[in-house]
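Hi,

Here is the structure I promised to pass on. Have a look at it first, and then read my notes below.

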Amino acid sequence: MIKRRLSKHQLARISQNQRRELGQDGADSADAQTSLEKCNGRIISHYGQHVDVESLITEDEGRIIRCTQRSNLPRLVTGDLVVWSDDGADRGVVLALGQRRNFFGRPSPEGQFKAMAANIDIVLVVFASSPTPHVSLIDRYLVAIEQQHLTAVLVLNKLDLLNQEELIKLDYMLSPYGEIGYPVYKVSAEDGRGMNKLEQALANQTTILVGQSGVGKSSLLNKLSSGKHANVAPLSETWDRGTHTTTTSSLYHMPEFDLIDSPGIREFGLGHIDGQQVFEGFIEFRPFAGSCKFRDCSHRQEPGCAIQAALEAGQIGVERVDSYFRIIDSLNE
Ligand SMILES: Nc1nc2c(ncn2[C@@H]2O[C@H](COP(=O)(O)OP(=O)(O)OP(=O)(O)O)[C@@H](O)[C@H]2O)c(=O)[nH]1
Ligand SMILES: [Mg+2]
Ligand SMILES: [Zn+2]
């Protein structure tokens, strides 16, 4: 198959589009990027053509105004700090976007990167015994989280549904993550088990909950806030799957922290990430970076491979190495 090569002009346009999507475009939207001191609102939810903005103006702090956005702005996401203006009739318009500290997102099915939330501290990767958890999904999330230099926390929910045997199996699956330094919490949004410790980990932070549909992200949010904020729905009766109950990312204020609920996913693509970034996303590989005999080592069977040597020495785990190769292979599909 002959691959069509893109012209310099096309490449520049794609890269400009990507920057605009991320709100990092210095040229075209220079007037759209503004210093944070000027911001008087925060996006708390995003729907097709409009956003809900929470006012940060002292006199009416917390008021929520439905706004459209100026067309020169990048796509706004939950957590964005903005400058908005009232039209006097409970509607408004977002005029400018404050510099994003960071963002978390994923590629759309068409492969275009889509930010889901901005200005966050922690990404809480939620999974449960049902729908069935997959190591490769967790590892994909971790790669994307590491790429954005965000803090990852893993949460196994629905502990109340597990018998001893299932718990042993899941503990085995999770042990590599604890060993390489990721915090792992085991909780139940149903009976509240483990919630205190989790709450302590979230104190004074803004956290986005992510994971498959049906794992209980909205249920956790409701439990953590001791209230009913987000809609919750049972799994499909036919499939081991959620029913995509949450359809947009929304930010909720709790007394001690902020939480962003996000729509569940079936798959998490890494279309926006290259092989080097996947390597860096496996944090326990990092000490061995640059130590292979060959600079372009694929870490599969080359002589003098530091990753294979670390594997043999028991310094890194075989499950994670297998998972790494599965992700690398999937990048070329
Ligand atoms: N037994 C038990 N059921 C739970 C627990 N947490 C959530 N559930 C149930 O799991 C189902 C899905 O929960 P949701 O909170 O809607 O899941 P979600 O991750 O927000 O799903 P999406 O919004 O579709 O992404 C509901 O029937 C919940 O009652 C738990 O800790 N234990
Ligand atoms: Mg939900
Ligand atoms: Zn190697």
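Helix α2 (residues 135-147) packs against helix α8 (residues 318-331) at an angle of about 75°, and their axes are 10 Å apart. Axes here are lines fitted to C-alpha atoms, for helices over the stretch in contact, with angles running from 0 to 180 degrees between N-to-C directions. That makes α2 and α8 roughly perpendicular to each other (65 to 115 degrees; under 35 is roughly parallel, over 145 roughly antiparallel, and the rest oblique). On the α2 side the contact is made by V135, S136, D139, R140 and V143, and on the α8 side by E319, S323, R326 and I327. Contact means C-beta atoms, placed from the backbone, within 7 Å. By class there are 3 nonpolar, 2 polar and 4 charged residues in the contact of α2 with α8. For the classes, Ala, Val, Leu, Ile, Met, Phe, Trp, Tyr, Cys and Pro are nonpolar, Asp, Glu, Lys and Arg are charged, and the others, Gly among them, are polar.

Before the rest, some housekeeping. This is a predicted model, in which local features need pLDDT of at least 70 and side-chain atom pairs count only at pLDDT 80 or more, while totals for chains, interfaces and linings use all residues. Residues are numbered from 1 along each chain as its sequence is written, and chains are lettered from A and ligands numbered from 1 in the order in which they are written.

The protein chain has 8 helices and 14 strands; these are DSSP runs numbered from the N terminus, helices being H or I of at least four residues and strands E of at least two. Of its 333 residues, 33% count as buried. Buried means 20 or more other C-beta atoms within 10 Å of the residue's own, exposed means 12 or fewer, and partly exposed is in between, with C-beta atoms placed from the backbone.

Now the ligand. Around ligand 1 there are 25 residues, and E190, G216, S219, T246 and G264 come nearest (a residue is near if its C-beta atom, placed from the backbone, lies within 6 Å). This shell divides into 8 nonpolar, 13 polar and 4 charged residues. Helix α5 (residues 217-224) gives the most to it, with 3 residues. α5 is also largely enclosed by the rest of the structure, because 7 of its 8 residues are buried. Those buried residues pack against several elements, including β9 (122-128), β10 (151-157) and α4 (195-202). Just after α5, S226 takes a positive phi of about 50°.

On the strand side, β5 (residues 81-86) and β6 pair in the antiparallel sense over 5 bridges, where pairing needs at least two DSSP bridges between two strands. S85 stands opposite V93 in β6. β5 and β6 form a hairpin with 4 residues between them, and G88 in the turn has a positive phi of about 85°. β6 (residues 91-98) also runs parallel to β4 (residues 64-69), joined by 4 bridges; C67 has G92 as its bridge partner.

Most residues other than glycine have a negative phi, and most peptide bonds are trans. S130 and P131 are joined by a cis peptide bond, with omega about 0°, and P131 lies in the loop between β9 and α2. K158 is not a glycine, yet has a positive phi of about 65°; K158 is buried, with 22 other C-beta atoms within 10 Å. N204, also not a glycine, has a positive phi of about 65°, but N204 is exposed, with 8 other C-beta atoms within 10 Å.

Cheers

Technical notes:
Two residues are in contact if their C-beta atoms, placed from the backbone, lie within 7 Å.
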